[in-house]
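This report describes selected features of a single protein model.

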Amino acid sequence: MHLIIPFAAPLSDAGRQALQTLRLPHTEALLRRMKLLSRDDGDAFSFSPPHERALARALGLAGADGELPWGAWLAAQDGVDTADLAWGLLTPVHWDVGSDQVRLTDPAALALTEADSHVFFETVKPLFESEGAALLYRAPLRWYVAHESLADLPCASLDRAVGRNVDAWLPKGPQARLMRRLQNEAQMLLHAHALNAERESRGQLPVNSVWLSGCGLSQAVGRPAPVVDERLRAPALAEDWAAWAEAWAALDAELGRRPPQTLELCGERSAVQYGTQARSLWQRLQGTLRGGVHAVALLESL
């Protein structure tokens, strides 16, 4: 099994403090039996986070920062014929508008039903179609858009933007003008929608925008998908570090019961990949003399 663990290490001060409390005996024992295969160093401001870059490498998908074609790949998994078209993932979202910034709320907090999502989808669909784009519905938080302008449009992953000011994560440049305009017009349609007033009366968040990500042309994928364990994602994005540490402890215990052959740990900047490649007696002895890998120190470097 090839296992990818997103959000394995945080960058915030509170997250770093939680990291220091972790005890990961099974992870450390596993890493002692493994060899470092590769390291992907980056920064916290890339549009594509380390775990998405790791998954793309495993699948054989290519693309510059923010141009990994997740829309086309996911659409193909949903049975859509994606050949010869540029696709993007369009997610209904809530923007929390403050006095000096607009923050993106985790879409999961919308608790969006099929019925509500369909209503919002049909509201914005004619808008996109008026510009020659195709819009497809597949799940409450998974809509797809196809348009020629998406072929080389860098977009930030939702996992980069959640909980943050959206300004730094919106697509830039001339090729983004059409989609930025459509996003603005969609916001006006959604803001005035009666369903949002109804949702707010029920104590639910309104859907007041859409988020475009994962744009690009369809690519052939001939490799099996690795396992992506996302249990650290929600507490990390919510900055609930007590829950994050608890989830890490449960994940560590599972690594002891079901060790993968390849393990990829992904932070907010970088990722490391370890594998059970054969090591020489001297390499094993060196690892023993050095005391093996210290998991927390390794995570701090990500």
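The model is a predicted one. Because eight of the eight residues of β3 are buried, this strand is largely enclosed by the rest of the structure.

Two pairings of β3 may be described. With β8, the strand pairs in the antiparallel sense over seven bridges. With strand β7 (residues 142-146), β3 also runs antiparallel, and four bridges join the two. Leu90 takes part in both pairings: its bridge partner in β8 is Leu212, and its bridge partner in β7 is Trp143.

## The five-stranded open sheet

Elsewhere, five strands form an open sheet in the order β2-β11-β10-β1-β9, with mixed pairing. The edge strands, each pairing on one side only, are β2 (35-40) and β9 (227-228). Strands of a sheet pair through backbone hydrogen bonds, in either a parallel or an antiparallel arrangement. Here, β2 and strand β11 (residues 271-275) are antiparallel and share five bridges. Within this pairing, Ser38 has Gln273 of β11 as its bridge partner.

Helix α3 (residues 50-59) packs on the sheet and touches β1 (2-5), β2, β9, β10 (262-266) and β11. The direction of α3 makes about 150 degrees with that of β10.

## Cavity and pocket

One cavity of 30 Å³ or more is counted in the model.

| Space | Volume | Lining by class |
|---|---|---|
| Largest cavity | about 100 Å³ | eight nonpolar, one polar and one charged residues |
| Largest pocket | about 770 Å³ | 14 nonpolar, seven polar and seven charged residues |

The largest cavity is lined by Leu90, Phe128, Leu170, Pro171, Met179, Arg180, Gln183, Val210, Trp211 and Leu212. Both α7 (177-191) and β8 (209-217) supply at least two residues of this lining.

The volume of the largest pocket is about 770 Å³. This pocket is lined by 28 residues, of which Glu52, Leu74, Leu89, Asp159 and Glu230 are the closest to its centre. Two or more lining residues come from each of α3, α4 (70-77), β3 (86-93), α6 (158-161) and β8.

## Positive phi angles

Most residues other than glycine have a negative phi.

Ala111 has a positive phi of about 50 degrees although it is not a glycine. The residue lies in the loop between β5 (102-104) and α5 (114-129).

Glu239, likewise a residue other than glycine, has a positive phi near 55 degrees. Its place is in the loop between α9 (233-237) and α10 (241-257).

Methods. Residues are numbered from 1 along each chain as its sequence is written. This is a predicted model: local features need pLDDT of at least 70, side-chain atom pairs count only at pLDDT 80 or more; totals for chains, interfaces and linings use all residues. Side-chain values use heavy atoms; hydrogens and water are left out. Two strands pair if DSSP finds at least two bridges between them. Contact means heavy atoms within 4.5 Å. Axes are lines fitted to C-alpha atoms, for helices over the stretch in contact, and angles run from 0 to 180 degrees between N-to-C directions. On a 1 Å grid over the protein atoms alone, a cavity is a set of points where a 1.4 Å probe fits but cannot get out, and a pocket is an open set with protein on both sides within 12 Å along at least five of seven lines; lining residues have an atom within 4 Å of a point. Grid points are joined across faces, edges and corners, and a volume is the space filled by probe spheres set on the points. Ala, Val, Leu, Ile, Met, Phe, Trp, Tyr, Cys and Pro count as nonpolar, Asp, Glu, Lys and Arg as charged, and the others, Gly among them, as polar. Buried means under 20% relative accessible area, exposed over 50%, partly exposed in between (1.4 Å probe, protein chains only).
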